[in-house]
Amino acid sequence: QVQLVESGGGLVQAGGSLRLSCAASGLTFSSYGMGWFRQAPGREREFVAARRISGITYYADSVKGRFTISRDNAKNTVYLQMNSLKPEDTAVYYCAALLGGSYYSQSSYAYWGQGTQVTVSS
């Protein structure tokens, strides 16, 4: 019944920008923190960004200063604004709902979306 649906991925040249969206349904959106993870081919899924209910945000060192996480509770949507994209940002990006615990740990998230592909060309 709970669904998280990512959108906004695509192909972009290095240095460009994309904004990913994650629309949530079937849950009380304001009761959860939200996070973004990504997985590149042949690599482990890694933490990208998170926003707690309090509004505190966290970013992986690799994206700090380039990516911004935000949310709109009225639209039940969380966003990931990605600027100055690099080829190493190429991955499938997943949004997830944070119930509690460590923001950087996948096990702390109760629900996950299906992912959206981001490809950054040289």
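Four strands form an open sheet in which the order is β1-β3-β8-β7 and the pairing is antiparallel, where strands are DSSP runs of E with at least two residues, numbered from the N terminus, and two strands pair if DSSP finds at least two bridges between them. At the edges of this sheet lie β1 and β7 (67-72), each of which pairs on one side only. Direction ignored, neighbouring strands of the sheet are turned by 15 degrees against each other on average, with axes taken as lines fitted to C-alpha atoms and angles running from 0 to 180 degrees between N-to-C directions.

This is a predicted model, in which local features need pLDDT of at least 70 and side-chain atom pairs count only at pLDDT 80 or more, while totals for chains, interfaces and linings use all residues. Residues are numbered from 1 along each chain as its sequence is written, and side-chain values use heavy atoms, with hydrogens and water left out.

**Pairings within the sheet**

- Strand β1 is joined to strand β3 (residues 18-25) by five bridges, and the two run antiparallel; Q3, for example, has S25 as its bridge partner in β3.
- Six bridges connect β3 with strand β8 (residues 77-82) in the antiparallel sense, and C22 finds its bridge partner in β8 at V78.
- Between β7 and β8 there are also six bridges, again antiparallel, and the partner of S70 in β8 is Y79.

**A residue in strand β1**

- V5 belongs to strand β1 (residues 3-7), and it counts as partly exposed because its relative accessibility is 39%, a class that lies between buried, under 20% relative accessible area, and exposed, over 50% (1.4 Å probe, protein chains only).
- Not counting residues up to four places away in sequence, V5 touches S21, C22, A23 and Q114, where contact means heavy atoms within 4.5 Å.
- Although V5 and N76 are 71 residues apart along the chain, their C-alpha atoms are separated by 11 Å.

**The nonpolar core**

- The largest nonpolar core has 35 residues, and those with the most contacts inside it are W36, V48, F67, L80, M82 and Y93; such a core is a set of buried Ala, Val, Leu, Ile, Met, Phe, Trp, Tyr and Cys residues joined through side-chain atoms within 4.5 Å.
- Two or more residues of this core come from each of β3, β4 (33-39), β5 (46-51), β7, β8, β9 (91-98) and β11 (116-121), and β9 gives the most, with six residues.
- Leaving aside neighbours within four places in sequence, V48 is in contact with residues including W36, F37, Y58, F67, L80 and Y93.
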